[in-house]
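User: I am new to this structure. Please take a close look at its disulfides and walk me through them.

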Amino acid sequence: MERSAAAAVRRLRAAGGERDRDRERDRDRRPPAPPREAGGDGAAAPPGKTRDGSRRRPQALSERRAAALVLLYLLALRGLAHVAHRHLLSRPPRGGHPHFSAHRARGYLDNITAIGPRTVGSPENEVLAVNYLLEQIRAIETESTDAHKITVDVQRPTGSFSIDFLGGFTSYYANITNVVVKLEPRNGAEHAVLSNCHFDSVPNTPGASDDAVSCSVMLEILYTLSKSSEPLQHAVIFLFNGAEENILQASHGFITQHEWAKSIRAFINLEAAGVGGKELVFQTGPENPWLVQAYVFAAKHPFASVVAQEIFQSGIIPADTDFRIYRDFGNVPGIDLAFIENGYIYHTKYDTSDRILTDSIQRAGDNILAVLKYLATSDKLAKSFEYRHGNVVFFDVLGLFVLAYPARVGTIMNYIIAAIAFLYLSKKVLQPKTRAINNLKKFFTAFGLILLSWISTLVTVLIVAVFISLIGRSLSWYTHFYVSVFLYGTAAVAKLILVHTLAKKFYYKNMNDLNLGDVFFDASLLIWTIALAVITQMGLCSAFICTLWVAFPLLTKLMIHKEFRQKGATIKFVVMYMLGMFVPYLYMLYLSWTIFEMFTPIMGRSGSEIPPDVVLAGFIVAITMILSSYFINFIYLVKSTKMTLVSSTAVFVVTLILVCSGIFFPYSSDMANPKPKRVFLQHTSRRFHDLDGNLVKSDSGIWINGFDYNGISHITPHVPEINDTIRTPCEEWAPFCGLPWILPVHFMFRKNWYLPAPEIFPRSPIHFKVLAKELMPWNSVRLSFEVSGPSHMSLYIRPHEGSALSTWSLGDGTPVASIGGDYFVFYSHGLHATPWNFWIELTASEKHSDGIVSLAIAAHYFFGEDQKSPQLYALLERFPNWTFSSAHEVFIISTRKKKTHLAFYHTEEPLTYDFHQSEGRLRPFSVSEHRSGIWPAKLEIQQYPEPDIHAYCNMLFNNTNSCTVKNKMLVHIFLNKGF
């Protein structure tokens, strides 16, 4: 009986446990009941309870209120970010002692840009700009105080180097110009800080922002420092370099050849990727966190981001600065700054001084002057090598101040915050133990749904972007940026809401909305925590963003958890929730706008191969996913999402229809805010020669490149003969497709148009000749050349199959191939230069009927009488005013070189010879030589040490016994067929 009773009790307990679990499941699925009204007597119920003492049902959130609050919240934060970006000066300049004057700097700027385009090699750059700088420097010197000594030097270096920018190429420069000024104490200084700008510009542009304004700022800083009665501890070297646009040549000439370069311990580089606005610190180091601390301490109007640094150094932006040269060739740490606003007119004729605000000049001058002065009086500068340890996390807060801390501290902090979040989530999911499995299932289902919604959103929006690109409506947002937000942003929002609405309706049917909201918040927190751990493990300083998106939401959740549990998703809860999220959301909007301001204009010059709509749509989806991560739970808290879903879909559909109709024209000629289409035209004459030097092809035409994905489709209605019928194919057998690229950007512009035009005859033609052909050890051939021509030339080399370019006289002697395997050499010279002499050395096997190498050289005429032909002028006149056309003449010669045909002769008897240097002939030949059938022949006698001869013979015949060496002499016989 006792056993039967005990068994009955156990059965009752088991049944009771099942009923408890059923009630818990029903509680999760039971929809929330409406809150009970208070009694008519007006007595207030206790918190969380009704008048009769029962617990009040938490409230559901109204869709109308929730949508309005979220929208207003994001707009308010966007407004704050906008104000922070447009607010240039945090405080007005002070009077009294010498201070930076933007008005005086503007005078320098106006005078420099009045010279006109300053292309390397032109009189404007090499004479007029240099003379103006020297005149102003001498005037500053006469007004300087006795505390300082000013020394001026004009450097004209010649050199060569290789760089992996744009896929890799080699640069050679001759007689370019640097104006260098040293400001130091009267008794001199052992160490120095460098400030660098460049006064040259790209062709056809006045180059106000890039980089005349920086040189103007440096002149004014020189003036301000020289007027101070306080001596500096270290020297300040001001480098006004005259060949940055020729891919960093002048800075290389200075840092590798100038005698003052050895004293430099740090530098500040002033650049531009836009016109005016704020100057962004986008590169520092490498390492040397003390430099960032110097900027943090001294800069009056800070604007800096380690995110920009990691984006720029990733290589996804097709640009580089002198920072690379000082870092790689000088082993000097530094700070890189650039104006980033309004990149639409960067490198165009619209880059004029009147478009740069005086406040922009003032803030740049205040910042750079303060940082230079701080460094020039710092003890750390003299011992900078002692402080070269570790990276630093840095970012400004709305332009008010900069937060900076060592990356190792950030790593520890990130892991601690990630661990706290993991502990919180583990405790939340695994307790109570009786519901752990159910909680885990709900939690990871929500986690998967969020990832699924993001992936499906990305795919959907990218499909829309591809469709827009295929129908020829790409860049519709280029002039009207918010079109991209209405098109891709609303599509992303609608897709996100749709996925979660369907999940709520069909998968989570009849489940408690408040519990779901809680679960989806935790799932978003887990995603950010995983991201924080992974990005920190990758060593990226940008992981601090994830820190914000873990720490603040977790604190917010802990603070409002009680309010949410007792009363549900009330308006008070929503307000408290948004206030808690204020920091990560505001910073993300601030940072994202900075990124969009940099990237959007780049899409107009990123080449013909990358669909810009796909890129921008991807960015917008990424920002949408980030901003939605902690609002996804609202979808499950509201009663319905119908209104929001319909509204966002309607905006998307209307915008899509308008974009497809072509109402949003990509480009603008509005002089107040131009956004031109960039087109590159070159009146080209081409000559192609065969192995024997015979001319096999000759043509002349205007080679046309559109800098963006749209190509020339918008130009054809205005200039009908420029259409797809004149698309030119790649000459596969010729280096770089037989086209005269000024830089190796062929992989970015695979769509080319070639409009037939009369042949051009430059007044300063190119001269290209072979000086010598030598057989080198190990079956190598050295070819020596001499070239003379205009200030800009490009050399293209393609070794044939079975051949290899082993060494040359350029760079460090190791050839660097470009994308595709061809070799590219960029050449430029200053006002005057001697002919360019160089050699290349190739190795090849014996049998090569098609030669061993093809070479081509192009001469580019960027200024002077040869810059534009009459036909080019006439064509440009017909282009619409919303284009910016950069045009010049170019002449290209391409030839294929034979291998030197060799007969290797060895003899046991001493040779008797009569060698005439002028003819290069050896005669008379010995009898055995005559029997070899080689007649007539040009011979070269080379004396080798005996071990080298044995090695050479072994390589040629695989048997050293085949070469019987007498008199330690090996005879190389060159056939008269040339090469």
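Analyst: Start with one cysteine. C215 is buried, at 0% relative accessible area. Its partner is C197, and the two form a disulfide. The model is predicted, and in it their sulfur atoms lie 2.2 Å apart. That is within the 2.5 Å cut-off, so the pair counts as a disulfide.

Where do C197 and C215 lie? C197 belongs to strand 5 (residues 192–198). C215 belongs to helix 5 (residues 208–227). The pair therefore ties together parts that are 18 residues apart in sequence. C197 is buried too, with 0% relative accessibility. The link of C197 and C215 is right-handed, with 105° about the S-S bond.

How many disulfides does the count come to? The count is two. The other pair is C730 and C737. Their sulfur atoms are 1.9 Å apart. The link of C730 and C737 is left-handed, with -85° about the S-S bond.

Are C730 and C737 buried or partly exposed? C730 is partly exposed, at 29% relative accessibility. C737 is partly exposed as well, at 23%.

C546 counts as buried, at 5% relative accessibility. C660 is partly exposed, with a relative accessible area of 28%.

To recap, C197 and C215 form a right-handed link, and C730 and C737 form a left-handed one.

Notes. Residues are numbered from 1 along each chain as its sequence is written. This is a predicted model: local features need pLDDT of at least 70, side-chain atom pairs count only at pLDDT 80 or more; totals for chains, interfaces and linings use all residues. Side-chain values use heavy atoms; hydrogens and water are left out. Helices (H or I, at least four residues) and strands (E, at least two) are DSSP runs, numbered from the N terminus. Buried means under 20% relative accessible area, exposed over 50%, partly exposed in between (1.4 Å probe, protein chains only).
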